[in-house]
Amino acid sequence: MVAFLTPEVRARPNLDVIVDAHTTKVLTDGKRATGVHAVVSGSADAANSVTFEATNDVVLCGGAFNSPQLRMLSGIGPKEQLNRHGIDVVHELPGVGQNLQDHADIAVNAKTSRIGMPLQIGLTNLQSQIKHLFLAIFKKEGAFVGDNEFVGSFFKSKPGIPANDIQMHVAPFYYKDHGATLRYGGGLTAKSCYMRPESRGTVALNSVNPMEGPLIDPNITIIESIQSKALAEDNLATCGYGDKDVNNLTDSDIKEFLRENIESIYHPVSTW
Ligand SMILES: Cc1cc2nc3c(=O)[nH]c(=O)nc-3n(C[C@H](O)[C@H](O)[C@H](O)COP(=O)(O)OP(=O)(O)OC[C@H]3O[C@@H](n4cnc5c(N)ncnc54)[C@H](O)[C@@H]3O)c2cc1C
């Protein structure tokens, strides 16, 4: 918050920013939003909520997962789901929580015989890592502050389609789980993301407790990634896939690889 709102903006007399607040319900008068209930000061108990009344509008911006959850908790959403949780229907809107779209992403790793880049972990690389540590501390630059010499590109998975549908990043180090797992030794990581998702997932209520997260089903279909099958084959052939012979991969090998390794790159949208 401090990073985005300048002191001048925060000093405005018509702006109060309340942190550690959790909105638990949108209040309505008929189909008009009139305010919210919110739990403030970091309390985890929805029963401690206070009321904020709107003079004009309520702008709901809880993101692709929490906005539909809050709507449904407030009686705005698919009737059957609201009924199932015993929530009074204020406004029947079947689309709330539907149509979840996200970017499916697949990473392949390749080992290299040499260790040379700063984020490749190994003793022979110590000098480079110390250099980048100093760069990070004293100049706020270098590999440890995000300058990882990534290569990025957009391209078409097959000829004849109107627009690029694949985004690819290549990073000069060996990582999995979005960087949570770094591997010892030299290597690189190529991540391919399918940019035209056709899968549709859902966000549903887990319970009527607003302090609990919703149920999220991304429903990413394997077919979607198979559309970039040729690309996956190329990647696997270059980077290797476990102990398998990369020159003789079958469709089911590739499907299995995709099923095990597909992940979201956190672009959920379109749930209302
Ligand atoms: C690791 C990561 C990397 C990303 N990289 C990129 C990128 O490179 N380029 C790009 O374009 N996009 C990127 N994105 C996606 C981008 O961050 C999101 O698309 C964007 O932030 C969505 O904005 P939003 O305002 O809809 O929701 P959010 O940014 O999710 O904001 C919703 C806010 O509402 C709050 N909230 C939720 N429920 C409640 C409640 N009940 N009461 C009070 N507050 C609540 C949340 O705490 C949150 O602060 C990335 C996302 C992640 C997680």
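Predicted model: local features only at pLDDT ≥ 70, side-chain atom pairs only at ≥ 80, totals over all residues.
## Loops, sheets and a ligand site

Gly-213 is found in the loop between β12 (202–204) and β13. Helices (H or I, at least four residues) and strands (E, at least two) are DSSP runs, numbered from the N terminus. Gly-213 is partly exposed, at a relative accessible area of 41%.

Residues are numbered from 1 along each chain as its sequence is written, and side-chain values use heavy atoms, with hydrogens and water left out.

Now for some other loop residues. Asn-99 lies in the loop between β5 (91–92) and β6 (104–111), and although Asn-99 is not a glycine, its phi is positive, at about 70°. Asn-219 is another residue other than glycine with a positive phi, near 50°. You'll find Asn-219 in the loop between β13 (215–217) and α5 (222–226). The C-alpha atoms of Asn-219 and Asp-102 are 9.5 Å apart, though 117 residues separate the two in sequence.

His-103 also belongs to the loop between β5 and β6. Is His-103 buried or exposed? At 16% relative accessibility, His-103 counts as buried. Buried here means under 20% relative accessible area and exposed means over 50%, with partly exposed in between (1.4 Å probe, protein chains only). Here are the loop residues side by side:

| Residue | Relative accessible area | Class |
|---|---|---|
| Asn-99 | 34% | partly exposed |
| His-103 | 16% | buried |
| Gly-213 | 41% | partly exposed |
| Asn-219 | 38% | partly exposed |

Which residues are around the ligand? They are Ala-21, His-22, Thr-23, Cys-61, Gly-62, Gly-63, Asn-66, Tyr-266 and His-267. To be near, a residue needs one of its heavy atoms within 4 Å of the molecule or strand in question. A ligand nitrogen lies 3.4 Å from an N or O atom in the His-22 side chain, and a nitrogen of the ligand is 2.8 Å from a polar backbone atom of Thr-23. On its own the ligand has 1,000 Å² of accessible area, and the protein covers 34% of that (Shrake-Rupley method with a 1.4 Å probe; for residues, only the protein chains shown count as cover). β1 (22–29) and α2 (63–73) are the elements that give two or more residues to this shell. By type, the shell residues split into 3 nonpolar, 6 polar and no charged. In that scheme, Ala, Val, Leu, Ile, Met, Phe, Trp, Tyr, Cys and Pro are nonpolar, Asp, Glu, Lys and Arg are charged, and the others, Gly among them, are polar.

β1 brings us to the sheets. Three strands form an open, antiparallel sheet in the order β1-β2-β3; two strands pair if DSSP finds at least two bridges between them. β1 and β3 (50–53) are at the edges with a single partner strand each, so one side of each has no neighbour in the sheet. Between β1 and β2 (residues 32–39) there are 7 bridges, in the antiparallel sense. Along this pair, Val-26 stands opposite Val-36 in β2, and Asp-29 faces Arg-32 in β2. The two strands form a hairpin with 2 residues between them, and Gly-30 in the turn has a positive phi of about 65°.

There is also an open sheet of 5 strands, antiparallel, in the order β7-β8-β11-β6-β14. Its edge strands, β7 (151–155) and β14 (263–264), each pair on one side only. β6 and β14 run antiparallel and are joined by 2 bridges, with Ala-104 opposite Ser-264 in β14.

Definitions and conventions. Polar contact = N/O pair within 3.5 Å; in protein donor to acceptor, adjacent residues only side chain to side chain.
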